[in-house]
Amino acid sequence: MVKHIILWKLKEGYSEEEAAAIKNDIKEGLEGLKGQIPGLLDIRVHTQGLASSNMDLMLDSAFEDEGALKAYASHPAHVAVADGKVRPYTMIRSCMDFEE
């Protein structure tokens, strides 16, 4: 199994209400990919970090293997969510992929 972890920081200037709505939209979009992409085993987005956090969202996803992760990256459903709900609102993205 391959884990794919992403941390994002939202762009600056959003009100608390706007940031909450954006995070919820990202969560719904990404978690909605479950069952749509072959090899995607699990996908969860965490939006409520503790005060000690320095990032706004975390994607925690699992894939059958590295090939499934690569296919996910270019899958049209994922690209639509990434381009429409994630990239326009985030300024920092950190990623770690690893085998478990």
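This note sets out selected features of the structure in numbered points.

1. Basis of the model. The structure is a predicted model, in which local features need pLDDT of at least 70 and side-chain atom pairs count only at pLDDT 80 or more, while totals for chains, interfaces and linings use all residues. Residues are numbered from 1 along each chain as its sequence is written, and side-chain values use heavy atoms, with hydrogens and water left out.

2. Salt bridges. The model holds seven salt bridges, a salt bridge being a side-chain nitrogen of Lys or Arg within 4 Å of a carboxyl oxygen of Asp or Glu. One of them joins the side chains of Asp 60 and Lys 3, with an N to O distance of 2.6 Å. Asp 60 belongs to strand 3 (residues 57-63) and Lys 3 to strand 1, so this pair ties together parts that are 57 residues apart in sequence. Helices (H or I, at least four residues) and strands (E, at least two) are DSSP runs, numbered from the N terminus.

3. Burial of that pair. Asp 60 is buried, at a relative accessible area of 12%, and Lys 3 is buried as well, at 11%. Here buried means under 20% relative accessible area, exposed over 50%, and partly exposed in between (1.4 Å probe, protein chains only).

4. Since Asp 60 lies in strand 3 and Arg 44 in strand 2 (residues 40-46), the pair ties together parts that are 16 residues apart in sequence. Arg 44 is partly exposed, with 36% relative accessibility. Through shared partners, salt bridges join Lys 3, Lys 34, Asp 42, Arg 44 and Asp 60 into one network. Within it, Lys 34 pairs with Asp 42 at 3.3 Å between the closest N and O atoms; Lys 34 is partly exposed at 46%, and Asp 42 is partly exposed at 23%.

5. Aromatic pairs. The count is two aromatic pairs; rings of Phe, Tyr and Trp (its six-membered ring) pair if their centres lie within 6.5 Å, and planes under 30 degrees apart count as stacked, over 60 as edge-to-face and the rest as tilted. Tyr 14 and Tyr 89 form a tilted pair, 6.3 Å centre to centre with 50° between the planes. Tyr 14 lies in the loop between strand 1 (2-10) and helix 1 (16-31), and Tyr 89 in the loop between helix 3 (76-86) and strand 4, so the pair ties together parts that are 75 residues apart in sequence. Tyr 14 is partly exposed, with a relative accessible area of 28%, and Tyr 89 is partly exposed, also with 28%.

6. Gly 13. The loop between strand 1 and helix 1 also contains Gly 13, which is exposed, with a relative accessible area of 75%. The C-alpha atoms of Gly 13 and Ala 77 are separated by 29 Å, the two residues being 64 apart along the chain.

7. A negative surface patch. Glu 64, Asp 65, Glu 66, Asp 97 and Glu 99 gather in a patch of negative charge on the surface. Such patches are made of residues with over 30% relative accessible area and no salt bridge, like charges being joined within 9 Å and nonpolar side chains (Val, Leu, Ile, Met, Phe, Trp, Tyr) within 5 Å. Asp 97 lies in strand 4 (residues 90-99) and is partly exposed, with a relative accessible area of 40%.

Notes. Areas by Shrake-Rupley, 256 points an atom, 1.4 Å probe, with all protein chains shown as cover. Lys, Arg positive; Asp, Glu negative; His and termini not counted. Charge placed at Lys NZ, Arg CZ, Asp CG, Glu CD.
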